[in-house]
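Colleague: I am new to this structure, and I would like to learn how to read its features one at a time. Could we begin with the place where the chains meet?

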Amino acid sequence: MTEAAKQPLLDVHDLRTHFHTFGGTVKAVNGVSFDIAEGEVMGLVGESGGGKSVVGFSILGLIDSPGKIEGGQILLDGEDLVKAGEARLREIRGREISMVFQDPMTSLNPLHSVGRQMDEVLRLHSDLDAQARHSACVEMLESVGISRATERLRAYPHQFSGGMRQRVVIAIALLARPRLIIADEPTTALDVTIQSQILKLMRRQIAEKGASMILVTHDLAVVSEMADRITVLYCGNVVERGRARELIEAPAHPYTRGLIDSIPDPSNRHERLKQIPGTVPDIRNLPQGCNFRDRCPRAQALCAEIEPKLSAQRGSLSAACHFPLNPGESA
Amino acid sequence: MTDVTAPMLDVRNLEMHFPLGGGLFDRLRIGRKGPRLDRSVVRAVNGVSFSIKRGEIMALVGESGCGKSTVAKTIARIYKPTGGELLIDGEDVANHDFAQMLPVRAKMQMIFQDPYASLNPRQKVRDIVAEPLLQQAKGAEARREVPARIEKLLARVGLNAEHAGRYPHQFSGGQRQRIGIARALSVTPGLIVADEPVSALDVSIQAQILNLMKDLRDEFGLAYLFISHDLSVVHHVADKIGVMYLGFMVETAPRDVLFARPRHPYTRALLSAAPSIKAKRDKQEIELTGEVPSALSLPSGCCFRTRCPFAWDRCAVERPALRDMGEGQAVACHLIDEPERDVA
């Protein structure tokens, strides 16, 4: 509503991240645009190969060869991160933007104690003395629900369970009070009861600290419980975006509809699940026109010729489709 | 040949304990009475009983470490159970050796979680699917029929004849899972043990595989033991559900009874923790804190008491047994005796 009036915290515009491999150029992210307001949670959803993780890595400048950001802008408060040098990016990582990865075992260093890894963030991004840093770490560890924090700071990652490790990772991500957190499948490796603990923790921490979050996930159920807005990616393009409830309840794009219908739903008694036929195409040679047309029940001749552009639909939704769905219509 | 009303799978008091690994020196402990060997065991499955009829789908749910996969692997006789009976089509196979198991394997096959690790990368699809058939086929006559049968099987699971000559790496995850299903079907088994068959797949592909599995059940009258951590998947496929925690069955019930009226606090917590795309319901009925204790040293009394919000002194002393509640529901919880304690 008031989004247009205020400058967004992060504005990603026409981002293109390509990987130049021997097998051809993989256009993993091919013209993705979205923005995030302060204090907002944006869900980035899609299946494997949709490009959602690459978007997250691109924002932090973590794309290594053979990958390259080929075009577009990533504006953080008006500053273009695509043009920023490595030194500037190092300042931003951890302080302005921090990241929570899927697997807490590989994102923590097994050779350093948790306390040392937490302290590193503050050493780099604050001018607190050792004593103040220590108490900040203890306080943060307690706030993510780890008891006996002073003692646990001396423990190593392998001494924590999966859920506890993810709490540590979240504590590290929040330490320097970043304005944006990119969480890449933060609960995918966890059990449901632990998942609900972690999601609740993240929600509360973000609200308390006034940070924004990009939640990258394949799980529409998680996103619908967490996000204010949702962006759906397919083959490196945004196919639909809009307010979370509107998008989940009455999506305009047939792909979004298909994703939602594929989730087994305890409250409806369809004996068969509605399935999206076929599989995600090889992004090295995408079909001409709409990327989704081979799997789309609404595809017509036009879809094979002209690639649909993201355009405003009803309500808060935008979708890239020549024949968008009306509310209640199935794909 | 056997009684058709007899269950396809009947598990009675199944127990699977693993001795802790490691060499002599890893296990050597110096105590007050001198050195001794540590003989700890991981109590993965502690007396689980259930049965599955022909054409029935039973699901086992629970969090990691609850023993559901161990149950599946023990039934498939990848492990030899340390206790209990395991009746497949009326025959107790708990103590069968490898050779004795061979004819049983024509009645029971397994589908694995990871479609990347469960297919031999050096074999063509045709050979992968033929493997169980060739093990069972006696004589040249039967072997001659194998190629035609493979073609039929591949077509049935939605692959083309030309796919038969390819290698697993040329397929996507969903297609590989179809190959795994074709392999399991090749010997026309009566029971399929499926260990998290769709967990590694994207949601749109997951729907395809679940639909295929249900169609095959209807077509061949298959019984499935379906292991999953995903409650919405389980609700979709299962006729009845067993909920496991730390190697114990804490509740079992027909699907609709379980989802409408879960009785065990752990089942209720699981159901309320599952995220949903539906608008906020009044959920989080029971919220669990903490994590699953180690299977090396089980809690005394009720296995769930360390995380149960209702636990009282009786739970630490006495292990609750599964008790029949009617309508096919059975629950192992002391709250049944003292329902007045059930106030969140």
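Modeller: The size of an interface is often given as the accessible area lost when the parts come together. In this predicted model, the area buried between chain B and chain A is about 3,400 Å², and carbon and sulfur atoms give 51% of that area. On the side of chain B, Pro275(B), Ile277(B) and Glu291(B) lose the most area to chain A, and together they make up 20% of what that side buries.

Colleague: How many residues of each chain are in contact there?

Modeller: The contact involves 37 residues of chain B and 41 residues of chain A.

Colleague: What does the rule find across this interface in the way of polar contact?

Modeller: Between chain B and chain A there are 14 residue pairs in polar contact, counting pairs with both residues at pLDDT 80 or more, whereas the number of salt bridges found across the interface is zero.

Colleague: Which elements of chain B give two or more residues to the side that touches chain A?

Modeller: Those elements are helix H8 (203-220), helix H9 (231-237), helix H10 (255-260) and helix H11 (265-273) of chain B, and H8(B) provides the largest share of that side, with 10 residues. Sorted by class, the side of chain B that touches chain A consists of 11 nonpolar, 13 polar and 13 charged residues.

Colleague: How many salt bridges does the structure hold over all chains?

Modeller: Over all chains there are 41 salt bridges. One of them joins the side chains of Glu40(A) and Arg229(A), with 2.7 Å from N to O. This pair links distant parts of the chain, 189 residues apart, since Glu40(A) sits in the loop between strand S2 (24-36) and strand S3 (41-45) of chain A while Arg229(A) belongs to strand S9 (residues 229-234).

Colleague: Are Glu40(A) and Arg229(A) buried or exposed?

Modeller: Buried means under 20% relative accessible area, so Glu40(A), at 6%, is buried, and Arg229(A), at 10%, counts as buried too.

Colleague: Which parts of chain A does the pair of Asp119(A) and Arg133(A) tie together?

Modeller: The salt bridge between Asp119(A) and Arg133(A) has its closest N and O atoms 2.7 Å apart. Because Asp119(A) lies in helix H4 (residues 114-125) and Arg133(A) in helix H5 (residues 130-143) of chain A, the pair ties together parts that are 14 residues apart in sequence. Asp119(A) counts as buried at 16% relative accessibility, and Arg133(A) counts as buried at 13%.

Technical notes. Residues are numbered from 1 along each chain as its sequence is written. Chains are lettered from A and ligands numbered from 1 in the order in which they are written. This is a predicted model: local features need pLDDT of at least 70, side-chain atom pairs count only at pLDDT 80 or more; totals for chains, interfaces and linings use all residues. Side-chain values use heavy atoms; hydrogens and water are left out. A salt bridge is a side-chain nitrogen of Lys or Arg within 4 Å of a carboxyl oxygen of Asp or Glu. Helices (H or I, at least four residues) and strands (E, at least two) are DSSP runs, numbered from the N terminus. Buried means under 20% relative accessible area, exposed over 50%, partly exposed in between (1.4 Å probe, protein chains only). Contact means heavy atoms within 4.5 Å. Buried area is the accessible area (1.4 Å probe) that two parts lose on being put together, summed over both. A polar contact is a pair of N or O atoms within 3.5 Å; within protein, one must be able to donate a hydrogen and the other to accept it, and residues adjacent in sequence count only if both atoms are side-chain atoms. Ala, Val, Leu, Ile, Met, Phe, Trp, Tyr, Cys and Pro count as nonpolar, Asp, Glu, Lys and Arg as charged, and the others, Gly among them, as polar.
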